[in-house]
Amino acid sequence: MINKVFTSINYMTLDYFFSDPNDVPEDALWHAYGWQHFLWLIAMGLIMFFSCRAFRKLDSEKQSKVLKRFAIFILIQEIVKDLLFWYSGTFGLEHLPLHFCGISIFFSLWYAFRPNDLNAAYVYGMSMPGAFCALIFPNWTNFPLIHFSSINSFTIHGELILFALLALTSGRLVPNIKKIPQMFGVIVAMAIPIYFLNKLWGTNFMFISDPSPGSPLMPLYDLFGDGYVIAAAVLVIIVWLLLFLPWRKRTPKAS
C-alpha cells in the first residue's frame with residue numbers, strides 16, 4: 001500500500017497534463033476510492049462548508065451577485081475545458097456539455113439570473129445529486145490525477161454542488177415538490193433529441209445508451225438491459241420524492 005502511494009506521488013507531475021489517456025502509463029493513473037479520491041472529497045467538503053457559512057452572512061443583494069458571478073465562472077470553466085481538449089488534440093463530440101452535469105451548468109446560470117420554481121427544482125433535484133454521484137462514482141479515472149480533465153472533472157462537479165448548497169442553505173432556494181412533473185417533462189424533452197444525437201455521433205450523452213461504469217445504474221442495466229433507462233427514471237422519481245418532501249411547507253427568501 002505504501003509503495004503504491006509513493007509510486008502515485010512520483011507520477012504527480014505536469015508531464016501528463018495534456019496527454020492522451022492512451023499514452024499515459026497505468027501506474028500514473030488514479031483509482032476510485034484511493035487516497036487521492038478521498039483527499040479531493042475531503043478538501044471539497046471543507047471548502048463547501050466554509051463557503052456556505054460565509055455566504056449566509058452576506059445580504060441578499062451580495063448573495064445574488066455571488067451566485068451570478070459563480071454561475072458565469074462555471075460556464076467559462078466548461079468552455080476552457082473544451083479549448084484545452086482542442087489544444088491537446090483530444091477534443092471529441094463526447095466533450096460537449098450534453099450530459100446531465102453539462103446541462104446543469106446552464107440551469108445554474110438560468111437560476112442565478114432568473115430564479116423560479118422550475119430551475120430551482122432542477123438545481124436541487126438534478127444538478128446537486130447528479131454532481132454528487134459523479135464525484136462518488138467518478139468515470140474519469142482513465143486520466144492521471146494531474147491532468148486538466150481530471151482537475152476540471154473534480155472541480156466543476158464540486159462547483160455545481162456548491163452552487164446549489166449556497167442557494168439552499170441560505171434559504172434562497174426552496175424546492176417545490178409540485179415542480180417534479182414539469183422537471184421530468186423537461187428532462188424527457190431534452191432526452192429525445194439527445195437520443196438521436198447519440199445515434200448519429202456514437203456518443204452516450206445522459207447515459208441513455210449505457211450507464212456510467214461503476215455507478216449505481218449498472219445493476220439496473222444488468223437486470224433490464226436496454227430498458228434500464230425506464231427503471232432508472234422510476235428510481236430517480238423515488239429519490240426526488242425523498243428529497244423534496246421535507247421542503248413542502250417552506251417558502252423561499254426574497255431574491
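**Briefing: a predicted helical chain and its aromatic pairs**

Phe-50 counts as partly exposed, at 46% relative accessibility (buried is under 20% relative accessible area, exposed over 50%, partly exposed in between, with a 1.4 Å probe and protein chains only). The model is predicted: local features need pLDDT of at least 70, side-chain atom pairs count only at pLDDT 80 or more, and totals for chains, interfaces and linings use all residues. Residues are numbered from 1 along each chain as its sequence is written, and side-chain values use heavy atoms, with hydrogens and water left out.

**Aromatic pairs**
- Phe-50 pairs with Phe-49 in an edge-to-face arrangement, 5.1 Å centre to centre with 80° between the planes (rings of Phe, Tyr and Trp, the last by its six-membered ring, pair if their centres lie within 6.5 Å; planes under 30 degrees apart are stacked, over 60 edge-to-face, the rest tilted).
- Phe-49 is likewise partly exposed, with a relative accessible area of 48%.
- The whole structure contains 20 aromatic pairs.
- The ring centres of Trp-30 and Phe-154 lie 5.2 Å apart with planes at 45°, so this pair is tilted.
- Trp-30 and Phe-154 are both buried.
- One aromatic cluster comprises Phe-17, Phe-18, Phe-85, Tyr-87, Phe-143 and Phe-148.

**Overall fold**
- The protein chain has nine helices and zero strands (DSSP runs: H or I of at least four residues for helices, E of at least two for strands).
- Buried residues account for 42% of the 255 residues in the protein chain.
- The C-alpha trace of the protein chain spans about 55 × 45 × 35 Å along its principal axes.
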